[in-house]
Amino acid sequence: MIKAVLFDMDGVLFDTERMYLDRLFGLMRERGYEMTREFFIGTLGVPVSACREMYFQTYGNDFPYEEVYHRLFDDVRIHVKQHGTPLKPGVMECFRALKARGLNMALATSAPRFAVDEFFLSQPELDRMFCGKVCGDEVTHGKPDPEIFQKAAKLTGFDPAECLGVEDSPSGLKAIRASGAYAVMIPDLLPYTDDLKPYADKVLKRIDELPQIIYGLNNNER
């Protein structure tokens, strides 16, 4: 029985991954580096420490990771303050339906707390629907380790086995699977492939398909 839902943020709730991609391309070129779309996608959902190592391995140990990282977040935050945080299609419809069915929701994102707080400022209705949030700088081990989803499940008051997790990245799906929760993928920049089959119980096109999926799962258990 699904009693709570655990959501990733970027690419699932907010259409921010394209913002990061576009701005990061510019920041890299300004510093004389060329980044491929494939490399960027490979960093999605990866903890900051592991992401830093990926950049050093690809661009050398003198790559100015901290400078680029902070500039990227600053630029995206400025854009969000000016234009609001862009929601993925169907997010509010999904959350209202889940709330109406009495489900608890928690956030499980690799993004740091300061970015999460900034992004939700322009989405107060959505913000109020969460019973809690766990951010990437609040766990010892990031995705694909299950810690972040285990902590998010605890915030909902339910065991991970009673939760459904929603992700768009391989590392996130692996974290959901390892936590014991039911795993749903909603692809964003990264498409679903057969390699992800062991980690995804269900693949959806849009987030507003989720309430019906949960209704079906819970109905089958009665």
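Reader: What is the volume of the largest pocket?
Author: This is a predicted model, in which local features need pLDDT of at least 70, side-chain atom pairs count only at pLDDT 80 or more, and totals for chains, interfaces and linings use all residues. A pocket is an open set of points on a 1 Å grid over the protein atoms alone, with protein on both sides within 12 Å along at least five of seven lines. Grid points are joined across faces, edges and corners, and a volume is the space filled by probe spheres set on the points. For the largest pocket, the volume is about 170 Å³.

Reader: Which residues lie nearest the centre of the largest pocket?
Author: Residues are numbered from 1 along each chain as its sequence is written, and side-chain values use heavy atoms, with hydrogens and water left out. Lining residues have an atom within 4 Å of a point. The largest pocket has 13 of them, and nearest its centre lie Pro47, Val48, Gly136, Asp137 and Val139.

Reader: How many cavities of 30 Å³ or more are there?
Author: A cavity is a set of grid points where a 1.4 Å probe fits but cannot get out. With that rule and the cut-off of 30 Å³ or more, the count is 1.

Reader: Which helix gives the most to the lining of the largest cavity?
Author: The largest cavity holds about 480 Å³ of space. Of its 24 lining residues, Thr43, Leu44, Gly45, Val46 and Phe73 are closest to the centre. Helices here are DSSP runs (H or I, at least four residues), as strands are (E, at least two), numbered from the N terminus; helix H1 (17-30), H3 and H4 each supply at least two lining residues. The most, 5 residues, come from H4.

Reader: Is tyrosine 59 buried or exposed?
Author: Tyrosine 59 is in helix H3 (residues 48-59). Buried means under 20% relative accessible area, exposed over 50%, and partly exposed in between (1.4 Å probe, protein chains only). Because its relative accessibility is 15%, tyrosine 59 counts as buried.

Reader: Which residue's backbone oxygen does the side chain of tyrosine 59 reach?
Author: Contact means heavy atoms within 4.5 Å. Leaving out residues up to four places away in sequence, tyrosine 59 touches Met28, Tyr33, Glu34, Met35, Thr36 and Phe39. At 3.2 Å, the side chain reaches the backbone oxygen of glutamate 34.

Reader: Why is the pair of tyrosine 69 and phenylalanine 73 given its class?
Author: The structure holds 19 aromatic pairs. Rings of Phe, Tyr and Trp (its six-membered ring) pair if their centres lie within 6.5 Å, and planes under 30 degrees apart count as stacked, over 60 as edge-to-face and the rest as tilted. The rings of tyrosine 69 and phenylalanine 73 have centres 4.9 Å apart and planes at 65 degrees, so the class is edge-to-face.

Reader: About how many helical turns separate tyrosine 69 and phenylalanine 73?
Author: Tyrosine 69 is buried at 15% relative accessible area, and phenylalanine 73 is buried at 8%. They are 4 residues apart in helix H4 (residues 65-83), so the separation is about one helical turn.

Reader: Against which elements do the buried residues of H9 pack?
Author: In helix H9 (residues 170-179), the buried residues are Ser171, Gly172, Leu173, Ala175, Ile176 and Ser179. Just after H9, glycine 180 has a positive phi of about 100 degrees. The buried residues of H9 pack against helix H8 (147-156), strand S4 (163-167) and strand S5 (182-185).

Terms used: A polar contact is a pair of N or O atoms within 3.5 Å; within protein, one must be able to donate a hydrogen and the other to accept it, and residues adjacent in sequence count only if both atoms are side-chain atoms.
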